[in-house]
Amino acid sequence: MKKILVLHTGGTIAMQENEQGAVQPNLINPLYSTIESLSSIASVIVDDYLNIPSPHMTPSLMIDLAERLKERVKEDHLDGIVVTHGTDTLEETAYLLDLLLDWNIPVIITGAMRSSNELGADGPHNLIASVRVAANEDAQGKGVLVVLNDEIHTAKNVTKTHSSNIATFQSPQYGPIGIVTKRGVFFHHTLSKRECYPVKKITKKVALLKTYTGMDHSIVDAIASTHIDGLVIEAFGQGNVPPTIVPALNRLINRDIPVVLVSRCFNGVVQDIYAYEGGGRTLKDMGVIFTNGLNGQKARLKLMVVLEQTTNRTTIQELFYK
């Protein structure tokens, strides 16, 4: 029987709704009532590591979590890991762990959209499904996976798409890589490439800014004045920005502060197509770094990780197109 660690970090999956309808953290994790039912699936050990709402999660805490997982794997000789997490920042924690953990052991991140005592609570079912995936041989070597609503997604592509629906986690453009059914766990495709970085701390400050019509340079200048180490811009369409912010972006690049471009669309990639002022071609020529389908919040985390290893713009561009 596979040995699976279930590590809790908090979130709605560990909360209860009070009589006034407010959802609050619970001192005793309600998922303990589900653990016993997992005994037929795997030998489960539990680590009550954190109990925080997911908006309280930080990159520093994610780094600490990665180190905790490394310690537990070494000490307990684990076959798989399930991390329970709040859904608001679940995709970010999953992606950063994916960048940091260079092993074949399945790591599954799951959560819930409904607290434990709400009608139709999804936490127990998601936990059971996640343990089944973590114990499955086919889950090895696929990086960090996100399992909710009987779907298996990659950490790189999954994102929260709905504020309250239990089917909120989707992988735009790519879809899930597998499903969980009553009869088993089935994978139908996987990522063609994985990337990992030997980083044990994050010290860089990277901002994320979304473009909008009528945007001027003042917001970029204001962010630049906070002594950032990098900036991620969520651009229009295929990678275009208002011409009014181009000089401010150029000033950042001239200070050797990398500017990374993603699209604010949730499908497609940014490309150097348009040659007008603020268009993708002019931005590329100016030295803006283009990504290959990452969303803004994940590009920010990747830039923070990459900057711990290099500040060379050419190298960073190559890593973002990896």
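This is a predicted model: local features need pLDDT of at least 70, side-chain atom pairs count only at pLDDT 80 or more; totals for chains, interfaces and linings use all residues.
**Overall size.** Residues are numbered from 1 along each chain as its sequence is written, and side-chain values use heavy atoms, with hydrogens and water left out.

Along the principal axes, the C-alpha atoms fill a box of roughly 60 × 45 × 35 Å. I looked up the secondary structure next and found nine helices and 16 strands. These are DSSP runs numbered from the N terminus: helices are H or I with at least four residues, strands are E with at least two.

**Surface and contacts.** The accessible surface of the chain is about 14300 Å², and carbon and sulfur atoms hold 49% of that. Areas come from the Shrake-Rupley method with a 1.4 Å probe; for residues, only the protein chains shown count as cover. I then looked up burial. Buried residues are 51% of the 322. My cut-offs: buried is under 20% relative accessible area, exposed is over 50%, partly exposed is in between (1.4 Å probe, protein chains only).

For contacts I required heavy atoms within 4.5 Å. Of the contacts with a separation of 6 or more, 72% are between residues 24 or more positions apart.

**Helix H2.** H2 covers residues 59-76, which is 18 residues. From first C-alpha to last it reaches 25 Å, close to the expected 26 Å. The expected span is 1.5 Å times one less than the number of residues.

Which residues of H2 are buried? I listed Pro-59, Met-62, Ile-63, Leu-65, Ala-66, Leu-69, Arg-72, Val-73 and Asp-76. What covers them? The cover includes strands S1 (3-8), S4 (43-48), S5 (80-84) and S6 (107-110), together with helices H3 (90-100) and H8 (296-307).

**Salt bridges.** My criterion was a side-chain nitrogen of Lys or Arg within 4 Å of a carboxyl oxygen of Asp or Glu. The whole structure gives nine salt bridges. I went through several.

- Lys-70 pairs with Glu-67, with the closest N and O atoms 3.2 Å apart. They are three residues apart in H2, so about one helical turn separates them. Lys-70 is partly exposed at 27%, and Glu-67 is partly exposed at 22%.
- Asp-88 and Lys-160 meet at 2.8 Å, N to O. Asp-88 is in the loop between S5 and H3 and Lys-160 is in strand S9 (residues 159-160), so this pair ties together parts 72 residues apart in sequence. Asp-88 has 45% relative accessibility and is partly exposed; Lys-160, at 22%, is partly exposed.
- Glu-137 and Lys-2 meet at 2.9 Å, N to O. This pair links distant parts of the chain, 135 residues apart: Glu-137 is in the loop between H4 (123-134) and S7 (144-148), Lys-2 in the segment before S1. Glu-137 is partly exposed at 48%.
- Asp-47, Arg-68, Arg-72 and Asp-76 are linked in a salt-bridge network. Arg-72 and Asp-76 are among the buried residues of H2.

**Positive phi.** Most residues other than glycine have a negative phi. I looked up two residues that depart from this. His-77, not a glycine, has a phi of about 50°. Asp-150 is not a glycine either, and its phi is about 65°. Asp-150 is in the loop between S7 and S8 (151-154). Asp-150 is partly exposed at 28%.

**Gly-184.** Buried or exposed? Gly-184 is buried, with 13% relative accessibility. Its place is the loop between S11 (178-180) and S12 (185-187). Leaving aside neighbours within four places in sequence, Gly-184 contacts Arg-132 and Ile-179. Arg-132 is 52 residues away in sequence, and its C-alpha is 8.2 Å from that of Gly-184.

**Cysteines.** I searched the whole structure for disulfides, meaning cysteine sulfur atoms within 2.5 Å. There are zero. Cys-196 is partly exposed at 23%, and Cys-265 is partly exposed at 41%.
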